[in-house]
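Student: Could you take me slowly through one part of this structure, and then show me what lies elsewhere for contrast?

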Amino acid sequence: MDKKANTLKGKKRRFYLVSAVSCVLVIAIVAFAVLISYQIPWRYDMTAQRIFTLSQQTLDVLDGLEETVQIAAVYPEGQEEQMVVSLLDEYEKASDNILVEYVDAEREPTKLAKYELDVSAVTNGTLIVKSGERSKIIENASLFETNELGSIFNGEREITGAVRYVTTDDMPVVYFVQGHEEANTASVMSKAVSALQQDAYEVREVTLLQAGRVPEDADVLVFASPKSDISDQELEMLQNYTMEGGKVLFLVDSVMNTNSIVLDNFNTWLHEFGLDITNNYIVEEDPSYHLSNQPLYLIPGFGPHEITQKIAESRKMVILPVARGISEVEYDKTTVTQSILMVSSEKSWVRSDMTIPTAERTEADMAGPMPVAYAVSRSNVKWGNDAARVVVIGNSSFAYDGNIEVQANRDLFLNSINWLQGGRESDLIASKVINADRLIIRGDDFVKLAIICMGVLPGIAFLGALAVWALRRNQ
């Protein structure tokens, strides 16, 4: 009995020893695998929109970095937004020149002070992107928003745009002209300004009468919904600027309650490009060309031009709330080249007499279709200068905060600026929807997931069972 008992005790000791060694080995293998996983770039983004997968545009920007970019994420300790944290991790993994730190503004004010921001306060959820002397603040409201598609995450678009902005040496300068009751860039067009900065433009404001001339570094001038006319002196400045090869984006809105507001000097300048902006508004009666039950909210058709080509190919729409029709006047076709960018339907009509009380069409109203946007170039060879370029759109509110993110409105605004700048390509990144109710996996992703679920995972379990069987068989 003692011999049998000793044999059983020996087997138990060997069993415990083998079990302990097996546990240690499993723990060691798991720990080793975790360590290795942090050293190699193997990862798989299961989100439908690839929220945590950096796009090729971002990778190209990061590959081209020659200087360090610091990104400070301002959050109370322990309350960091995990989606932002995960995305910032991808930026750090993708480039040694990206340095991310998390700052608790209340507990670590000295950390925040080193970024030398010209603001009175920084709110929680803010990202600060800095390189050298240039910095860009990204508000939390810019990272997350809600539109007709649902909850939207703009993380990669905003961060990559900010990195591009703070590291680009020579950025084209876009001036928003003030002094004629134009739209306020800070309160009304802040997202348009931000989009330009993300696309590596420097954005400034100018009042021509105060400056005495168009700034020498002005690559593009923007007139955003002027309510009053330019003076004769400003008209001369504008004519000289375009005679020297200047570029202008002119956004003009309908004035629906009066006939008294007339932009004569603006019109005099635009007549040089074969265009007329006499006040009117378009009523669209084709339901395919306006928003539901809103005949003044146009969804215009596109003309063939590089500004609108990609928008049309993507089957996206531009929405213009209350549009002014743009007319043609006689012009020199040997020097001026016009292209219609957008046009209303044949069922539309145009009202230019604002004293007509009825909302119905009258004999005084003009039948459509009516162009609502033009792109024009004019040769300046006779003055020995580069060609001038002008884009005129009979609406400005499409580019206002609250509208610019709708459908292709943002694309229209940026494409117009880029064409004016000489056909510059935009590398901005699309927003990503984060509140999908279902995970839909198709194509190659489905094959990968099927291999993992039906091959890799069962294979690991089988190998584990085989190892246990082998160990017990040799006891």
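Tutor: The model is a predicted one, and in it helix 7 covers residues 190-198. Because 7 of its 9 residues are buried, helix 7 is largely enclosed by the rest of the structure; buried here means that a residue has under 20% relative accessible area. The residues concerned are A192, V193, S194, A195, L196, Q197 and Q198. Around them, the packing partners are strand 4 (134-138), strand 7 (173-178) and strand 8 (202-207), together with helix 6 (155-167) and helix 12 (409-420). Just after helix 7, the chain reaches A200, which takes a positive phi of about 65°.

For contrast, let us turn to the surface. E66, in the loop between helix 2 (56-63) and strand 1 (69-74), counts as exposed because its relative accessibility is 79%. Together with E67, D169 and D170, E66 belongs to a surface patch of negative charge. Another surface patch is nonpolar, covers about 450 Å², and is made by I451, I452, V456, L457 and I460; of these, L457 has its place in helix 13 (residues 443-473).

Methods: Residues are numbered from 1 along each chain as its sequence is written. This is a predicted model: local features need pLDDT of at least 70, side-chain atom pairs count only at pLDDT 80 or more; totals for chains, interfaces and linings use all residues. Side-chain values use heavy atoms; hydrogens and water are left out. Patches are made of residues with over 30% relative accessible area and no salt bridge: like charges are joined within 9 Å, nonpolar side chains (Val, Leu, Ile, Met, Phe, Trp, Tyr) within 5 Å. Accessible areas come from the Shrake-Rupley method with a 1.4 Å probe; for residues, only the protein chains shown count as cover. A salt bridge is a side-chain nitrogen of Lys or Arg within 4 Å of a carboxyl oxygen of Asp or Glu. Lys and Arg count as positive and Asp and Glu as negative; His and the chain ends are not counted. The place of a charge is taken as NZ of Lys, CZ of Arg, CG of Asp or CD of Glu. Helices (H or I, at least four residues) and strands (E, at least two) are DSSP runs, numbered from the N terminus. Buried means under 20% relative accessible area, exposed over 50%, partly exposed in between (1.4 Å probe, protein chains only). Contact means heavy atoms within 4.5 Å.
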